[in-house]
Number of protein chains: 2
Amino acid sequence: MKAFIDYILQFGDLNQQQIDLITKKAEEMTLPKDEYFSEAGKIAQQVGFVLEGVIRVCYYNNKGEEITKYFIDENNLVVDLESFNNDICSNAYVQAVTDCKLLFFSKKDWKELLDIIIPWQAIVNKIVSRVLIQKVERRSPLVSEDATTRYRMFLKIYPNVINRIPLSYVASYLGITQSSLSRIRKNIR
Amino acid sequence: MKAFIDYILQFGDLNQQQIDLITKKAEEMTLPKDEYFSEAGKIAQQVGFVLEGVIRVCYYNNKGEEITKYFIDENNLVVDLESFNNDICSNAYVQAVTDCKLLFFSKKDWKELLDIIIPWQAIVNKIVSRVLIQKVERRSPLVSEDATTRYRMFLKIYPNVINRIPLSYVASYLGITQSSLSRIRKNIR
DNA sequence: GAATTCATTTGCCATTTGGCAAAAAGCAAT
DNA sequence: ATTGCTTTTTGCCAAATGGCAAATGAATTC
């Protein structure tokens, strides 16, 4: 829980009473490997925060290939924003890649907190724009680089993830085949 | 100006007085082809709205290649958010690709409006998250597709842009060379 | 520790894309 | 029309990546 408090206080100040209100609403949960935090075709109902483990967000493209859009590791927020905010069906699966421990807020509690803690609104907005900008900045440069550079970028962005997840997920994140990724790893050593 | 009002009212309601306050702060400007709306190394000072023309956001990667990150065409907001919000130097150039007509707000005016028009805050937050999510959703899928599919995606996303801008910009947006793009176009016909 | 299952690497060859330079096409000014 | 300039297309070959199947390795269960 401390990790979460530290995280949100990066984005603005709250007094102890406000922090208490927020933490009182936070629940802890475990999400076993391969299970879903939220699913395509459904409306996201929760905001989560990863205490332990790795999550991935993925979808299926027109050819039916499974594409990993990004990973979320420790001390990061996990929420399908478009679905959660606008109450529309998601097109992505949010799935535990390892056993995970999460904090989470129900949509009802989350909105209630926004109503009763005015400075919380500004903090959430900063977090949201930070998280989204980060996603653009991480994913976008992959388009213009070759496979080796992409893999190096992955290692930089997610330094603590590579040894905990299947290579096939990394390959689908990078937009290359698993065999190519394997060969690239051989060359880098 | 009407285009801008229509745009913002999609995201929430404002009364006439509030609309007047906002429009009074909006200025019009022309941005000739190739000139910059904001530049790498500087702090973004304006929020813009494209009335006419096409803008692109680009940067230089480690190899010195110029990469187009995205385009912004008519009736869309143009702002280097991370730089504008956090007063940090941008790493991207925001450049007119054709002669442009823009509305714009200075940072001072923009912040003032946020202070005095309470519902405007919520609208801006919705716009920001919409714009950012759109950037992720547009750019991200390119990573996993082949060059022909990428080009088709570009055409879908920016249907009114292809005939107005140099192919080299499109190629750099798609992460392929201009000659490859040219060959792809030949095959598609 | 053998057997089973799953993840990763490798080999082979086909396909796609890149790099470079020249040719062709389009455009604007004279 | 002609010239000069920029953009786009092409040709040629090299390099990168994909597709598929088999082999290897690692982890798990009995």
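Two residues are said to be in contact if their C-beta atoms, placed from the backbone, lie within 7 Å. By that rule, I55(A) touches F37(A), V50(A), F71(A), I72(A), V78(A), V94(A), Q95(A), A96(A), V97(A) and C100(A), leaving aside residues up to four places away in sequence.

A word on the source: this is a predicted model, in which local features need pLDDT of at least 70, side-chain atom pairs count only at pLDDT 80 or more, and totals for chains, interfaces and linings use all residues. Residues are numbered from 1 along each chain as its sequence is written, and chains are lettered from A and ligands numbered from 1 in the order in which they are written.

I turn to the interior. A nonpolar core is a set of buried Ala, Val, Leu, Ile, Met, Phe, Trp, Tyr and Cys residues joined through C-beta atoms within 7 Å; buried means that 20 or more other C-beta atoms lie within 10 Å of a residue's own. The largest such core has 37 residues, and I55(A) is among those with the most contacts inside it, as are V50(A), V78(A), V94(A) and L102(A). Apart from this core lies another, of 24 residues, including A44(B) and F104(B).

Next, the interface. Here 20 residues of chain B are in contact with 20 residues of chain A.

Finally, the symmetry. Superposed by least squares on the C-alpha atoms of residues with pLDDT of at least 70 in both, chain B can be laid on chain A with an RMSD of 0.0 Å by a turn of 180° and a shift of 0.0 Å along the axis. The two copies are therefore related as by a two-fold rotation axis. The same surface serves both, since 100% of the contact residues of chain B recur in chain A.

Technical notes:
Buried ≥ 20, exposed ≤ 12 C-beta atoms within 10 Å, placed from the backbone.
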